[in-house]
Amino acid sequence: MKQVADGVFALELEMNLSGRSRVIHPVLIAGAEGATLVDAGLPGQLDDLRREVAAAGADFGDIRRVVLTHQDIDHIGALPEVVGALEGDVEVLAHEDDRPYIEGERTPIKLSPERLARMVSSLPGDERRRMESLLASPPSARLTRTLSDGEVLPVHGGIRVIHTPGHTPGHISLFLEGARVLISGDELNVEDGELVGPAEGATPDMERALASLAKLAPCDVEYVICYHGGVYGPGARERISALAEGR
């Protein structure tokens with residue numbers, strides 16, 4: 001867990017998919033209006049989330065809303081467990097374009113039979129069967145309501161919703177205006193200490209995802225929290241502008 005700004009914490013959860021171990025970064029935002037969790041990790045990571053929230057000095061029961069940046073299983077996996085642990089007293093928010101995938105009406109875009117076969121083909125037997133079981137029945141949960149581009153959630157000094165499609169149709173980034181922190185989901189990544197754009201191998205519409213970078217450039221961002229790679233900053237705005245210009 002790393003504190004990025006007052007009340008803003010990049011959580012750290014270990015993830016092992018396709019035989020590769022790495023760390024993912026849901027975000028906890030604490031405040032007088034209750035806490036906000038951005039993204040929810042993989043299925044089975046509820047206890048890990050509880051530990052990270054406690055390490056941030058917060059009470060898990062203070063979470064009042066979960067905002068999902070997009071539909072991928074490493075972002076929504078533990079959502080049913082989180083909602084169940086909070087006994088339904090929680091808002092679940094995401095963009096309309098990813099709603100049918102999150103609610104289980106459609107198979108998540110990246111879990112098509114063809115992509116699933118590619119993901120598990122190189123794994124040893126036991127690991128392949130575990131992954132097939134995990135990915136074949138993706139978790140789902142009902143949204144309380146959907147979010148729109150440019151909407152500002154009136155909590156934590158204002159959270160601006162920025163629709164950044166490409167990685168998925170309904171991918172969003174979140175700008176915490178008061179804290180000058182951007183939560184980029186998978187629109188941005190940190191690799192070897194450098195801020196980079198969306199990962200091509202995980203982004204079905206790379207052209208659209210690159211175009212979405214221009215929507216982030218005007219934001220006065222000091223720090224970025226990337227789901228893959230963690231925290232980048234200070235002075236993140238200059239690097240985001242360079243990426244938006246293709247530099």
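**From the chain end to the core: a guided reading**

Both E245 and R247 are exposed. The two residues also form a salt bridge, in which the closest N and O atoms are 2.7 Å apart. Elsewhere, salt bridges with shared partners join E96, R99, E103, E105 and R142 into one network. These descriptions, like those that follow, refer to a predicted model.

The chain as a whole may be considered next. Its secondary structure comes to eight helices and 17 strands. The radius of gyration is 17 Å, close to the 18 Å that the globule rule gives for 247 residues, so the chain is as compact as a globular protein of that length. Along the principal axes, the C-alpha trace spans about 50 × 45 × 30 Å. Of the 247 residues, 52% are buried. Among contacts with a separation of 6 or more, 63% are between residues 24 or more positions apart.

R51 and D48 form a salt bridge whose closest N and O atoms are 2.2 Å apart. R51 counts as exposed because its relative accessibility is 54%, a value over 50%. D48, with a relative accessible area of 26%, is partly exposed. Just after helix 1, G57 takes a positive phi of about 80°.

What lies in the interior? The largest nonpolar core has 31 residues, of which I63 and L68 touch the most other members. Two or more residues each come from strand 3 (13-17), strand 6 (35-38), helix 1, strand 7 (63-67), helix 2 (73-76), helix 3 (79-85) and strand 8 (91-95). Helix 1 gives the most to this core, with three residues. Beyond its neighbours within four places in sequence, I63 is in contact with L28, A35, L37, L86, D89 and V90. Apart from this core lies another, of 20 residues, including A5, V8, V67 and I159.

The reading closes with charged pairs. Side chains of opposite charge can pair when their charged atoms come close. The count for this model is 14 salt bridges. One of the pairs is formed by the side chains of D149 and K215, at 3.0 Å from N to O. D149 lies in the loop between strand 9 (145-147) and strand 10 (152-153), and K215 in helix 7 (residues 206-216), so the pair ties together parts that are 66 residues apart in sequence. D149 is partly exposed, at 42% relative accessible area, and K215 is partly exposed, at 34%.

Note on methods
Residues numbered from 1 in each chain as written. Predicted model: local features only at pLDDT ≥ 70, side-chain atom pairs only at ≥ 80, totals over all residues. Heavy atoms only, no water. Salt bridge = Lys/Arg side-chain N within 4 Å of Asp/Glu carboxyl O. Buried < 20%, exposed > 50% of the residue type's maximum accessible area, 1.4 Å probe, protein only. Helix = DSSP H or I, 4+ residues; strand = E, 2+ residues; numbered from the N terminus. Core = buried A, V, L, I, M, F, W, Y, C linked by side-chain atoms within 4.5 Å. Contact = heavy atoms within 4.5 Å. Rg over C-alpha atoms; globule rule 2.2 N^0.38 Å.
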